[in-house]
Amino acid sequence: MPRSDHPHLGWSRIPRPAYGADYNPEQWDKATWKDDVRLMREANVNLVTLGVFAWSWIEPKPDAFDFSGLDEVIALLYESGIAVDLATPTAAPPLWFSHAHPESLPVTADGRTLAPGSRQAYCPSSPVYRERAALVTRRLAEGYGDHPAVVMWHINNEYANANAHCWCPTSADAFRNWLRTTYGNDLDALNERWGTAVWGMQYGSWEHVIPPCTSTSSLSPGLWLDFYRFSDAEHLACFRAERDIVRAHSPGRPVTTNFMASALRWSDYWRWAREVDIVSNDHYLPSEDPNRAADLAFAADLTRGLADGRPWMLMEHSTSAVQWQPRNIAKAPGEMARNTLTHLARGADGVLFFQWRQSAYGPEKWHSAMLPHSGEDTRIWREAKALGNTVAGLADIAGSTCPPADMALLLDYEAMWALQLPHRPSSDMTYSSILRDWHRALWTLGLPCDLVPAPGEQRLLLAPSLYALSTDTARALEDYAARGGHLVVGPFSGLVDPHDRIHPGPYPGALRDLLGLRVDEYLPLAAGESVGLDDGSTGHLWAERVLPDPGTEVESRFVDGPAQGGPAVLRRGNIRYLATRPDIPSLLRLLPQWAAQADCTTPVHGAGHGVEVTRRSTPDGRTWLFAVNHTSSPAQVATPVATTGVEVISGALSSGVITIPAGEVAVLAEGHQ
């Protein structure tokens, strides 16, 4: 069914743009609840996520459910016009459950059982965990499925964050069953795909197959990759079970779970995104990263790509410092608003914080919140309240979206999992860092970019890292190029299949004919080493000795290093291959050339180098231009629509050029007066 026709999309009840936070009333007394609701109204909060970790609050003993506190809180919120995103609390099983069922606890690769007492202390394959999770979900859905305050549902929390993989006996049995299904109960096929002839590790019985536990040396990469797929599937099965219960008792209200998309870890979110009604994401800045503004844009662009035209929201971010980084740097004045409005600028329909009131105890007491420990007489509270007014003033953007970009970055989660396994030519060739470098360069240049799982209609497709590649994806790239799409492929790509088996024939395997070249040898560089190119570019960490086919043009050559004199950038028609990993300055020079040759849209004048310019539009032709100034100096942006507009935040008229003060945001309603 097309996503636009999804019967559970149901945004009609959800305020847009949504503004609010996670709310944990179980940490506070009833007098505080009333004060909380009063202050939420002051801050224009219109949506709160409720009950995420409240399992022991609503079921303090087995089958002894007590919803009185939840009833009272929901009533207070509803009476004040604040909508509820009601969560199933299954990310935090109660201690009574864990002690009654120690077999449900997760086990590490070296056989250690992890103790209860923290969130996600469960094995996703555990039948008893799934049974109790289904029970508490059903009781919540039956009780609140048609409550007018509940406008959407939130399943669990940050799946696979702390318990991505489990090695307990239950998981081992479930893994074997998953493998039997995946391989059609054909053990010979499994042996062939995993290459178990290496080191004489052929399986003669399904009972011999175990998860990749700590061993004397390395294990089969095929075993690891299937274990990653299995683990992701188990978490997704847990989500689906709860989601289906909620849908049965609360029809018409959308269901989500909060992703951690920009972390690029253990969940294939392209697969997950198909299962949720609303894509939502948690994003926390790497506070010591000088390029953290680019990280914001990456998170928003990826979440928008996962939503694929549907509404999406930022489910969690922080008002200031978090508590879990090595050094938790506070956000500067105004940074909270820039962070939030960056997500709105890039397409979000809601922006929520973790959390509403800063905890007075527990592991997250030093995590910032909308209402700090010191209460209302604080900078953070004043900024959170002012931001609420700003978001409320942007109500007209509801229903608008960001137009598709002319260029896109290809993100393949399974290629990422394969590249991060041990025994690769260089540990410096990490998927996440390569992808982020390319996106950061595009962001710096002010060039709009989407993230996609496969080739589409974009004019320029960038695939900076595709070590593992299925034949289906290779054919899709061939079809894209045959349709006239411009393709750029990064080094060390196309080499292995989804089971980490080398594609037959010369390197680069599945891409050899498409790229029109042969790689004779991969030449990883020493730590800190770089190579020069005769076009002035610099490659780092990696080089290759490449032999072009007839008809393949050499655009630049190595001037030094182990591949000196050999091709570094090659072109065959509208397809390019890079035999090194360009550094950021080189990408800043090369990407505009490639974009121009693909006839991609040029940046808005004044955009780039810390000034973000994006646009949202509605089907009826209304448009808003967002300009976010992350720099310490005022910036000017020349609007491409030569009509008078209204700067929404200040209310000032603008014609042609808008000025954005240092560290601030402007939103121009183009053509509106």
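**View 1. Helices α1 and α3 in the predicted model.** The axes of helix α1 (residues 30-42) and helix α3 (residues 68-79) come within 10 Å and cross at roughly 25°. Axes are lines fitted to C-alpha atoms, for helices over the stretch in contact, with angles from 0 to 180 degrees between N-to-C directions; helices are DSSP runs (H or I, at least four residues) numbered from the N terminus. That makes α1 roughly parallel to α3 (angles under 35 degrees count as roughly parallel). K30, W33, K34, V37 and M40 of α1 meet G69, E72, V73, L76 and L77 of α3, where contact means heavy atoms within 4.5 Å.

**View 2. Helices α5 and α8.** Helix α5 (residues 127-144) and helix α8 (residues 221-249) have axes that come within 9 Å and cross at roughly 25°. The two helices are therefore roughly parallel to each other. Residues of α5 in the contact include Y129, R130 and A133, and those of α8 include E234, A237 and C238.

**View 3. The nonpolar cores.** A nonpolar core is a set of buried Ala, Val, Leu, Ile, Met, Phe, Trp, Tyr and Cys residues joined through side-chain atoms within 4.5 Å; buried means under 20% relative accessible area (1.4 Å probe, protein chains only). The largest has 156 residues, and L302, W356 and W438 have the most contacts inside it. A second, separate core of 20 residues includes W167, L187, L190 and W206.

**Notes.** Residues are numbered from 1 along each chain as its sequence is written, and side-chain values use heavy atoms, without hydrogens and water. In this predicted model local features need pLDDT of at least 70 and side-chain atom pairs count only at pLDDT 80 or more, while totals for chains, interfaces and linings use all residues.

Definitions and conventions. Buried means under 20% relative accessible area, exposed over 50%, partly exposed in between (1.4 Å probe, protein chains only). Angles under 35 degrees count as roughly parallel, over 145 as roughly antiparallel, 65 to 115 as roughly perpendicular and the rest as oblique.
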